[in-house]
2 protein chains.
Amino acid sequence: MKFEVLILGCGAAAPSGRNLPSAQLINLRENYLLVDCGEGTQLQLRRYNVKFQRISHIFISHLHGDHYLGLMGLLSSMHLLGRRTPLVVYSPPGLEEIIRLQMKISESYLEFSLTFIELPCNEELLIVNEQAFEVRSFPLRHRLKCSGFVFKEKPLLPNISKEMIHEFKLDIEEILQLKHGKSIVNRDGLLVEPKQVLLPIPETKSYAYCSDTVEWENVIPFIRNVSLLYHESTFLETEAKRAVETWHSTASGAARIASKAEVKRLMLGHYSARYSDLNCFLEEASRIFPNVILAEEGRVLEL
Amino acid sequence: MKFEVLILGCGAAAPSGRNLPSAQLINLRENYLLVDCGEGTQLQLRRYNVKFQRISHIFISHLHGDHYLGLMGLLSSMHLLGRRTPLVVYSPPGLEEIIRLQMKISESYLEFSLTFIELPCNEELLIVNEQAFEVRSFPLRHRLKCSGFVFKEKPLLPNISKEMIHEFKLDIEEILQLKHGKSIVNRDGLLVEPKQVLLPIPETKSYAYCSDTVEWENVIPFIRNVSLLYHESTFLETEAKRAVETWHSTASGAARIASKAEVKRLMLGHYSARYSDLNCFLEEASRIFPNVILAEEGRVLEL
């Protein structure tokens with residue numbers, strides 16, 4: 001089942017002409033989840049033909065403009081284009097006040113239910129718990145209160161191979177019982193046990209989002225073993241001092257975190273506008289953690 | 001001397017995929033004036049290679065999102081890229097509260113002086129009075145308090161033709177005195193009067209901006225005889241009822257205003273996303289007012 005990430009923007013705060021500010025769309029088993037929403041996100045969603053009314057949850061990591069300034073316009077457009085389905089926005093405290101003030105001053109309203117949920121950003125929290133997936137928030141270390149997120153599939157019921165269905169002449173009711181771990185007696189009076197027929201459950205995949213943050217080992221327990229880690233790398237290691245001063249990470253720092261957390265794959269992003277060649281990020285990180293890729297606008301990552 | 005308008009965005013509120021929300025950059029004798037600042041304006045400024053630190057004044061017609069949501073990001077970028085020169089923003093009341101709240105919550109500040117001037121939007125006002133140009137605001141009629149603007153060159157000193165300078169052997173001091181209307185006696189003892197040598201003063205040009213508004217004859221005295229009128233035309237006349245309901249104009253309505261105000265040229269814009277072919281706007285308006293053009297992103301109008 002589908003679990004993919006579409007990069008809508010992966011630049012840092014100062015405009016670069018190359019990258020747009022942070023935003024990613026996650027399709028998690030046909031649930032559309034938006035992570036961060038920098039200025040221009042609604043234009044990017046349109047550019048990549050995303051049906052943005054299908055977005056059900058929006059996760060804002062922190063309230064620096066390059067991570068949320070596209071939200072007001074996106075909400076307005078959702079309203080203007082007839083949205084009626086509820087929307088939930090998770091963010092550090094303050095975003096609801098910003099949005100409600102703008103709506104008051106523009107004397108506008110929304111035809112759909114909009115709920116803001118404030119993240120304390122000081123502990124791990126299970127914030128979405130659906131049948132098919134869950135989302136946890138956890139603290140990052142940045143100048144401003146900032147939250148990372150882990151998106152995780154929940155296990156599906158195990159499958160039964162066609163051969164076994166044929167061999168034991170199983171009907172739909174029997175298949176369901178076996179999938180739920182119950183033994184059955186089939187039409188030939190034969191006892192069939194789950195362990196005889198069930199295939200292994202496919203591994204569940206998970207995606208962790210860490211932007212913006214210093215290189216901070218405290219995040220490791222929250223992101224350990226994820227299938228894909230997005231970790232900001234605003235700078236290269238030559239600017240390590242500047243990275244610390246501005247509460248950001250380097251490509252090496254992101255790779256060290258990925259390595260220690262034993263994630264499967266690392267994606268870099270949030271590049272400072274000062275770098276003209278992004279391959280330097282890839283080269284630097286891959287010396288520490290080989291399975292690394294670069295975020296770029298329009299790129300789709302399948303987990 | 002230069003007087004031109006660069007269209008950065010000319011769509012209506014609902015995103016169209018074709019047009020961006022409202023924004024125009026006016027170069028008035030090398031003064032950079034931004035009119036409206038919809039989401040994505042800073043990206044457009046970058047796209048068209050505008051040195052946006054040179055913007056000295058920003059004029060926001062009203063506080064619907066498609067006219068101001070790009071301001072916070074633009075201000076942040078100006079700060080991040082080292083701006084130190086002051087900036088003045090004119091708008092209906094409420095914008096300063098929105099910007100200051102966002103800066104407070106993001107714990108950010110600006111290194112340059114930012115002044116907000118509130119427009120009452122119920123009378124004509126001279127709001128900028130520089131040596132080279134002036135700007136007046138005047139009321140439009142929209143759902144929300146809304147202001148139009150007229151940008152006008154001030155007369156330059158008259159010139160003296162090269163032939164006359166040669167014939168009367170004028171030096172720089174004598175030329176300046178004549179330009180200021182004073183007679184002189186030249187090196188041959190000849191009395192030279194201004195009327196003998198001065199060329200006619202070039203006509204001053206003016207640009208009026210009317211977005212968003214119903215078709216409203218009260219604006220005519222404020223925009224009479226301007227060189228170029230931008231007047232919104234969200235709809236075609238087939239949607240005249242909808243135009244009134246939503247406090248907007250049709251292409252015909254814009255043309256009627258242009259005709260009654262005896263402007264030299266009309267530019268249409270603020271097109272609803274429902275129309276796939278914008279030439280219908282041109283055709284409809286030109287039946288009433290022939291000298292009409294369409295705003296489109298990237299178009300530069302010389303006055």
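This is a predicted model: local features need pLDDT of at least 70, side-chain atom pairs count only at pLDDT 80 or more; totals for chains, interfaces and linings use all residues.
**Entry 1: the two chains together**

I started with the contact between the chains, and found 29 residues of chain B in contact with 29 residues of chain A. Which elements of chain B give two or more residues to the side that touches chain A? I looked them up and got helix 1 (41–47), helix 3 (71–80) and helix 4 (95–105) of chain B. I then sorted the residues on that side of chain B by class, and they came out as 13 nonpolar, 12 polar and four charged.

**Entry 2: how the copies are related**

Next I laid chain B on chain A. A turn of 180° with a shift of 0.1 Å along the axis does it, at an RMSD of 0.1 Å. The two copies are therefore related as by a two-fold rotation axis. Which C-alpha of chain B is nearest the axis? I found that of Gly40(B), which is 2.8 Å from the axis. I also checked the contact surface: 100% of the contact residues of chain B recur in chain A, so the same surface serves both copies.

**Entry 3: domains of chain A**

I turned to the domain assignment of chain A. Domain 1 is written in two pieces, 3–156 + 202–302, while domain 2 is 162–197. For the C-alpha centres of these two domains of chain A I noted a separation of 44 Å.

**Entry 4: a helix pair in chain A**

Then I picked helix 10 (residues 251–260) and helix 11 (residues 279–286) of chain A. They pack at an angle of about 40°, and their axes are 8 Å apart. Why do I call helix 10 of chain A oblique to helix 11 of chain A? Because the angle is about 40°, and angles under 35 degrees would count as roughly parallel, whereas 65 to 115 would be roughly perpendicular. The crossing of helix 10 past helix 11 in chain A is right-handed.

I listed who meets whom here. Helix 10 of chain A brings Ala251(A), Ser252(A), Ala254(A) and Ala255(A), and helix 11 of chain A answers with Phe281(A), Glu284(A) and Ala285(A). By class, this contact has five nonpolar residues, one polar and one charged.

Last, I went through the backbone. Where is there a cis peptide bond in chain A? I found one from Ser211(A) to Asp212(A), with omega near 0°. Asp212(A) sits in the loop between strand 12 (206–210) and helix 8 (220–223) of chain A. In chain B, the bond from Ser211(B) to Asp212(B) is cis too, with omega near 0°, and Asp212(B) lies in the loop between strand 12 and helix 8 of chain B.

I placed Cys121(A) in the loop between strand 6 (114–118) and strand 7 (125–129) of chain A.

Terms used:
Residues are numbered from 1 along each chain as its sequence is written. Chains are lettered from A and ligands numbered from 1 in the order in which they are written. Domain bounds come from an automatic or database domain assignment. Axes are lines fitted to C-alpha atoms, for helices over the stretch in contact, and angles run from 0 to 180 degrees between N-to-C directions. Helices (H or I, at least four residues) and strands (E, at least two) are DSSP runs, numbered from the N terminus. Angles under 35 degrees count as roughly parallel, over 145 as roughly antiparallel, 65 to 115 as roughly perpendicular and the rest as oblique. A crossing is left-handed if the near helix is turned anticlockwise from the far one by less than a right angle, and right-handed if clockwise. Two residues are in contact if their C-beta atoms, placed from the backbone, lie within 7 Å. Ala, Val, Leu, Ile, Met, Phe, Trp, Tyr, Cys and Pro count as nonpolar, Asp, Glu, Lys and Arg as charged, and the others, Gly among them, as polar. Copies are superposed by least squares on the C-alpha atoms of residues with pLDDT of at least 70 in both.
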